[in-house]
Amino acid sequence: MDYSQFFNAALNRLHDERRYRVFADLERIAGRFPHATWHSPKGSRNVVIWCSNDYLGMGQHPKVVGAMVETATRVGTGAGGTRNIAGTHHPLVQLESELADLHGKEASLLFTSGYVSNQTGISTLAKLIPNCLILSDALNHNSMIEGVRQAGCERQIFRHNDVAHLEELLIAAGPDRPKLIVCESLYSMDGDVAPLGKICDLAEQYGAMTYLDEVHAVGMYGPRGGGIAERDGVMHRIDIVEGTLAKAFGCLGGYIAGRAEVIDAVRSYAPGFIFTTALPPAICSAATAAIRHLKTSNWERERHQDRAARTKAILTAAGLPVMSSDTHIVPLFVGDPEKCKRASDLLLEDHGIYIQPINYPTVAKGTERLRITPSPYHDDGLIDALAEALLQVWDRLGLPLHQKSLAAE
C-alpha cells in the first residue's frame with residue numbers, strides 16, 4: 001500500500017482551499033528589531049517584521065539576553081529531564097515564585113508552552129472536579145478547546161463575550177453542580193477584551209470557578225504587567241490565571257497560577273507536566289529577568305500603546321479597512337483567503353514587510369485578515385512606509401478602501 005497518497009491528498013486539500021501555510025525563513029538581529037534578515041529563495045534581504053508576538057521586544061532586551069547567557073555559562077543548557085527524575089533546577093523555582101507574585105496568587109506551575117499549559121491545565125482541573133460542567137467562550141483559542149475536549153466532561157459554549165448567555169447556562173446548570181468558566185482576557189484575532197468584572201460577578205453568584213487565559217495581555221496591561229485582570233482590578237477574583245512567557249516576556253513556556261492546593265493537584269496529576277522535560281535553566285532565568293523588569297518599567301507598555309494607536313490612526317486615515325480594536329492588535333480586513341495570502345506575499349517580496357495572512361481555521365471563512373502588531377520599536381517612518389505599501393498592495397489586488405477615502409480621492 002502506498003501510504004504517501006493519503007498525505008499528498010491531505011496537502012492537496014489545503015492547497016485547493018488556499019489554506020496551505022508557508023513559513024518565511026527569518027533571522028532576527030538583537031538590537032535591530034523589528035528589522036530582520038529574510039533568507040529568500042533569491043538571497044538574503046532586510047525586512048521589517050510587523051506581526052511578531054514578541055510585543056515589547058523583550059526577546060532582545062539586554063537584561064534578558066544577559067540573564068540567559070550568564071545562566072547557560074554557569075549551569076549549562078538542558079534541564080536534565082522531567083522534574084520528577086532530574087529534580088527542579090533553582091532558576092525554575094525562582095521563575096515560578098516570580099509568576100505567582102505577578103498574579104497575586106499562592107503558587108504557579110510552569111509548562112513547556114502556553115499551548116500545553118491550557119491543554120493540560122484545563123483538562124486536568126476539570127477531571128479532578130466530579131460532574132464538572134465547562135462553560136467555554138465561543139472564540140477561545142485552540143489550546144483551550146483541546147483542553148476542554150480532553151477533559152471528557154460535559155461542555156457548553158456561550159456566545160463570545162455574551163454574559164447574558166453565560167448566565168442562562170449557569171442558571172440551567174443549577175446551584176449544586178460544579179462549574180468551570182473558561183475564557184480569554186484579550187482575544188488576539190479581533191483585539192477585543194472580555195468583560196471580566198461581569199464574568200466574575202456571575203461566577204460568584206452561581207458558584208463557578210474561573211479559568212482565565214491572559215497570554216496576549218501579560219506584561220502589557222496593568223501597573224506591573226499582570227494583564228487585563230490586574231488592569232481591571234479583578235485579579236483576586238480569578239481562580240486560575242494562565243499565561244505565556246513567549247510573547248511580551250520574549251522567551252518560551254507557559255504557566256498557570258492560583259491557590260496552592262489547586263496548583264499542587266495539577267502538578268500531581270497532569271500528564272502534560274509529569275512526563276515532559278522541564279524548561280532549561282537559561283530560559284527560566286531570561287523569563288525571570290523580563291518579568292522583573294516589566295514589573296517596574298512602564299516605558300515599554302506606554303510606548304507600545306502609543307505605537308499601536310498611531311498605526312491605527314495612520315492606516316485608518318489612508319482609508320484602509322482597520323477592524324475595530326481597543327487593544328494593541330491591529331487587524332486589517334481582507335475577506336478572501338487567496339487575496340489575503342497574495343497581499344502578504346506582495347508586502348514581503350515588493351516592500352520588505354513581513355505580515356502573515358490569517359485565514360481559516362484561525363478565523364472564520366470570509367473574515368480573513370492581516371494581523372498587525374506594532375512594537376515600541378516601530379517608529380513613525382516605519383508606520384508611514386507600512387501605510388504606503390498597503391495602499392499599493394490594495395490597489396494592485398483591487399481590494400476596497402473605505403468609502404470616505406475613495407470620495408476624497
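Two strands pair if DSSP finds at least two bridges between them; helices (H or I, at least four residues) and strands (E, at least two) are DSSP runs, numbered from the N terminus. The model shown is predicted, so local features need pLDDT of at least 70 and side-chain atom pairs count only at pLDDT 80 or more, while totals for chains, interfaces and linings use all residues. Residues are numbered from 1 along each chain as its sequence is written, and side-chain values use heavy atoms, with hydrogens and water left out.

**View 1. The open sheet of β13, β16 and β15.** Three strands are arranged in the order β13-β16-β15, with antiparallel pairing. The edge strands, β13 (330-333) and β15 (357-358), each pair on one side only. Strand β16 (residues 369-372) is joined to β15 by 2 bridges in the antiparallel sense, and Ile 358 stands opposite Arg 369 of β16.

**View 2. Two helices lying across strands of this sheet.** Helix α14 (residues 337-351) lies across β15 and β16 and runs at about 45 degrees to β16. Helix α15 (residues 380-397) lies across β13 and β16, at about 175 degrees to β16. Axes are lines fitted to C-alpha atoms, for helices over the stretch in contact, and angles run from 0 to 180 degrees between N-to-C directions.

**View 3. The open sheet of β1, β2, β3 and β14.** The 4 strands follow the order β1-β2-β3-β14, and their pairing is mixed. Strands β1 and β14 (353-354) stand at the edges with a single partner strand each, so one side of each is left without a neighbour in the sheet.

View 4. Strands β1 (residues 26-28) and β2 (residues 35-40) pair in the antiparallel sense over 3 bridges; Glu 27 has Thr 37 of β2 as its bridge partner. The hairpin of β1 and β2 has 6 residues between the strands, and Gly 31 in the turn has a positive phi of about 95 degrees. Strand β3 (residues 43-49) also pairs with β2 in the antiparallel sense, over 6 bridges. In the hairpin of β2 and β3, 2 residues lie between the strands. Across this pairing, His 35 has Val 48 of β3 as its bridge partner, and Trp 38 stands opposite Arg 45.

View 5. Just after α6, Gly 152 takes a positive phi of about 75 degrees.

**View 6. The contact of α7 with α8.** The axes of helix α7 (residues 163-173) and helix α8 (residues 196-206) come within 10 Å and cross at roughly 10 degrees. The two helices are therefore roughly parallel to each other (an angle under 35 degrees). Val 163, Leu 166, Glu 167, Leu 170 and Ile 171 of α7 meet Lys 198, Ile 199, Leu 202, Gln 205 and Tyr 206 of α8.

**View 7. The aromatic pair of Phe 111 and Phe 273.** The whole structure holds 3 aromatic pairs (ring centres within 6.5 Å). Phe 111 and Phe 273 form an edge-to-face pair (planes over 60 degrees apart), with 6.1 Å centre to centre and 75 degrees between the planes. The pair links distant parts of the chain, for Phe 111 in strand β4 (residues 107-111) and Phe 273 in helix α11 (residues 271-274) are 162 residues apart. Both Phe 111 and Phe 273 are buried.

Definitions and conventions. Angles under 35 degrees count as roughly parallel, over 145 as roughly antiparallel, 65 to 115 as roughly perpendicular and the rest as oblique. Contact means heavy atoms within 4.5 Å. Rings of Phe, Tyr and Trp (its six-membered ring) pair if their centres lie within 6.5 Å; planes under 30 degrees apart count as stacked, over 60 as edge-to-face and the rest as tilted. Buried means under 20% relative accessible area, exposed over 50%, partly exposed in between (1.4 Å probe, protein chains only).
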